Each structure stands twice: as structure tokens, then as C-alpha cells.
Amino acid sequence: MADLSRRSALAALGTGAFAAPLWAQQAARLGFANGERPVAGGFPEKGAMIVQRSRAPLLETPLDVLGRSVFTPNDRFYVRWHYSDIPLSVDAAAFRLRIGGAVTRPRVLSLGALLKLPRVEIAAVNQCSGNSRGHFTPRVPGAQWGHGAMGNARWTGVRLKDVLELAGVGPGAVAVRFSGLDRPPVDEAPWYAKSLDIDHARDGEVMIAFAMNGAPLPMLNGFPIRLVVPGWFSTYWIKALDRIEVLTQADDGFWMAKAYRIPATPMATITPGSSDFATAPIGPMVPRSFVTSHGDGAAVAAGRPLALGGIAMGGTVGVASVDYRIGDGAWTAATLGPDHGRYSFRSWSATASPLPPGEHRVAVRCTATDGRAQSDAAIWNPGGYQRGTIETIAVRAG
Ligand SMILES: Nc1nc2c(c(=O)[nH]1)N[C@H]1C(S)=C(S)[C@@H](COP(=O)(O)O)O[C@H]1N2
Ligand SMILES: [Mo]
């Protein structure tokens with residue numbers, strides 16, 4: 001395993017590294033009104049990214065990168081932090097993970113002690129709750145992400161369950177709260193913290209990862225360790241995790257009780273403008289699929305077979321099938337790529353019949369293994385969360 005101590009070298013970068021990225025080398029069209037964003041390098045351990053904001057960094061992965069491999073390269077993996085006071089260097093030797101609250105043996109673990117636990121590896125999509133928010137109509141406030149606030153990696157780490165067992169979960173435990181090394185800008189602001197129900201925390205799949213795609217986590221993706229909650233939106237995937245607290249009451253903190261809540265309706269959708277609706281914390285992801293072989297508005301050759309390809313995910317249960325449709329034509333099955341497990345992206349490919357000259361819509365639909373399929377029905381909620389509508393792009397045959 002690669003050297004976990006090398007991140008302390010990033011100390012030399014200081015905050016200036018985020019203040020002055022190489023702006024506007026290029027612009028990315030995100031397929032919605034005002035959807036132009038600069039593509040820039042200059043962020044530590046990152047290649048060219050779509051820059052939504054530089055402090056705290058909000059960096060989006062270009063869709064063609066997501067299409068090149070079902071595993072998103074670490075240096076192109078999207079980045080999202082809430083507060084600008086984020087860890088820029090971590091001394092791996094001095095780092096400690098604290099496990100407290102309703103436990104019988106509170107623990108302060110070094111990375112060395114943590115890594116003595118049995119290792120697990122899982123392929124899982126990390127997707128922001130607000131991924132694709134820029135496509136919401138009518139528009140909603142928040143980062144105007146295209147579809148690139150997601151990525152897929154092989155995560156290596158230890159089971160959260162094993163770590164909780166070291167500390168001994170006390171009687172009456174109902175939830176487990178997680179927080180990291182980043183800090184709010186002022187004391188009154190709520191520390192970024194998220195919780196899982198105790199049973200979920202102990203399901204044996206939720207893990208504390210120290211590597212992604214076989215390398216240490218990039219600093220911006222949570223070095224030295226982060227929570228990985230397979231199948232769930234990444235608001236729960238706490239980065240630079242240094243504090244675990246077992247709770248005997250539901251977490252009533254800001255980030256659970258007020259933020260990241262969705263309408264408690266099927267598909268988390270309500271009529272735009274309505275305000276009187278029950279909400280629930282966002283949780284598991286839903287099936288999604290994308291064309292990555294062509295950008296929206298791409299020119300293609302008329303009268304020739306059209307090679308299409310992309311990626312799909314099945315929420316918590318894996319992809320059963322992917323279909324595509326040209327214009328109002330019939331849904332046609334695509335060919336699926338290798339299965340890397342139910343939480344991973346799955347690639348798909350298809351050869352569509354020759355198109356007549358003109359503009360055509362290409363739609364793609366994922367059906368998960370539990371039969372749940374994407375639909376054309378619009379999804380809207382004020383947070384711009386959990387988009388799962390069938391996505392389409394235009395191609396121009398000429
Ligand atoms: N410590 C910490 N962890 C965090 C966050 C944060 O602000 N602080 N943001 C969460 C949210 S909302 C997202 S979308 C993911 C983004 O993970 P990534 O930056 O590795 O892609 O981190 C999650 N974990
Ligand atoms: Mo997020």
C-alpha cells in the first residue's frame with residue numbers, strides 16, 4: 001500500500017493554492033441555461049476540473065472522463081466541501097480517530113492501530129445529493145452542478161462495525177455521528193456532522209476507507225480516512241474523519257434536522273412552489289444512467305450506424321439493464337459491461353441504426369435489479385436533490 005505519510009508534504013502549499021487556480025483555460029458547457037463553467041487545473045493532486053467555486057473547493061468531473069473508465073481516476077474525482085477551513089496537510093503519524101459517546105471503552109486510534117483491523121474493498125459510486133442540480137426546472141439555489149458531481153472508485157478500508165466493536169457500543173445506542181478535520185468559519189456555525197442509524201452503521205458494509213483506486217485518498221477527497229456508505233448519497237461520506245460519536249438519541253444537529261432533507265414523497269418530488277410538505281433525511285441513491293460517448297448537441301454522421309456508450313448505476317441494488325431510445329422510437333436494450341458489484345457504475349454500449357439528417361434526442365434508461373426503472377416524470381424539490389429522471393442529449397446528424 002502506498003505511503004500514507006506523504007500528505008504532510010502538502011503543508012507547503014498553504015491556502016494560496018486554492019485562491020489562485022489557473023482560471024478559464026477552457027469552458028465546459030453543462031447543457032443548461034448559463035451552464036458555462038471554466039475548466040481549470042492547479043488544485044492539489046487534481047487535473048483539469050470544472051470549477052464551480054475555488055474556496056471551499058467545488059470541482060466537477062467532466063462527463064467524458066466518467067465515460068472513459070467505470071473507475072474515476074483520483075486526480076479527476078469531483079470535490080465538494082462545505083466550509084473553506086479544510087485540512088491542507090495532515091501528519092499521518094500524529095493523526096488520531098476518536099470514538100466516544102455511548103461506548104463502553106472510548107478509543108483514540110492511530111492510523112496504525114486502525115489498519116490492523118481486517119481489510120475490505122468495495123466498488124461504490126460517490127454521488128453528491130445535489131448532483132445535476134443545474135438541470136432542475138424551475139432553477140433552485142445551490143451549486144449548479146451538471147452531472148459530474150459523482151465518481152466511482154474501489155475503496156479500501158476497514159469495517160465501521162469492527163471499529164465500533166473495539167469501543168463497545170453501549171446500551172440504548174440509536175445512531176452514530178461522524179465529523180472530520182474541517183471547521184466552520186465562525187464558532188456559532190454548526191460543525192459539519194452526519195449520522196447513520198446504529199443498525200446501518202453496524203451492517204458490515206459501511207467502511208472507513210484509507211485508499212481509493214489503490215492509492216491514498218487525495219487530500220481534497222478526505223485524506224487520511226473517510227467514511228464510505230455504499231449506495232447512499234455522499235453527504236454521509238465524511239472526509240478526513242476524526243470523530244465518531246455513538247448517540248442515545250436521534251441526531252438533532254443542523255446537518256441532519258435542517259439540511260439535506262427531501263420531500264417524503266415517492267421520488268422526492270413535489271409541485272414547484274408548494275411549501276407545506278413533510279421531509280425526511282436524504283438516504284439511498286436511485287437508478288441513473290448517462291450517455292458519455294457524445295456531448296449534448298454533438299455532430300454525428302447521418303446514414304451511418306451510431307456507436308453510443310455511457311454509464312449507469314442501480315442505486316443500492318445494481319443495474320439489471322440499460323435501454324436507449326432515439327426520438328420517439330422504441331426502447332432498445334444496450335449491452336452491459338462487466339459487473340463490479342451492485343454499488344458500482346456499470347458501462348453500457350449500443351449501436352443505433354443509421355439516423356436521417358437532422359436533430360435527434362437520445363434518451364437512456366436504467367432498470368435496477370429490483371425492477372425499479374428511471375421514468376420521464378420530472379423531479380423537483382427546493383434543494384435540487386436526488387435527480388433520477390431519464391436524461392437525454394441532442395445529436396445533430398449531418
Ligand atoms: N468532512 C467533510 N466531509 C464531507 C463534506 C464536508 O463538507 N466535510 N461534504 C460531503 C458532501 S455533501 C459530499 S458531496 C462529499 C464529496 O466527496 P468528495 O469531495 O470526495 O467527492 O463529501 C462529503 N463529506
Ligand atoms: Mo453533497
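**Aromatic rings and charges in close-up**

**View 1. Lysine 194 lies over the face of tyrosine 236, 4.8 Å from the ring centre.** A charge counts as sitting over a ring if NZ of Lys or CZ of Arg is within 6 Å of the ring centre and within 35 degrees of the ring normal. This is a predicted model, in which local features need pLDDT of at least 70 and side-chain atom pairs count only at pLDDT 80 or more, while totals for chains, interfaces and linings use all residues. Side-chain values use heavy atoms, with hydrogens and water left out, and residues are numbered from 1 along each chain as its sequence is written.

**View 2. Arginine 365 has its charged end over the ring of tryptophan 331, at 4.4 Å from the centre of that ring.**

**View 3. Tyrosine 78 and tryptophan 145 are one edge-to-face pair, with centres 6.1 Å apart and planes at 85°.** Rings of Phe, Tyr and Trp (its six-membered ring) pair if their centres lie within 6.5 Å, and planes under 30 degrees apart count as stacked, over 60 as edge-to-face and the rest as tilted; by this rule there are 10 aromatic pairs. Both tyrosine 78 and tryptophan 145 are buried (under 20% relative accessible area, with exposed over 50% and partly exposed in between; 1.4 Å probe, protein chains only).

**View 4. Tyrosine 192 and tryptophan 255 form an edge-to-face aromatic pair, 4.9 Å centre to centre with 65° between the planes.** Tyrosine 192 is buried at 9% relative accessibility, and tryptophan 255 is likewise buried, with a relative accessible area of 10%. Both belong to one aromatic cluster formed by Tyr83, Tyr192, Phe254, Trp255, Tyr260 and Tyr385.

Terms used: Chains are lettered from A and ligands numbered from 1 in the order in which they are written.
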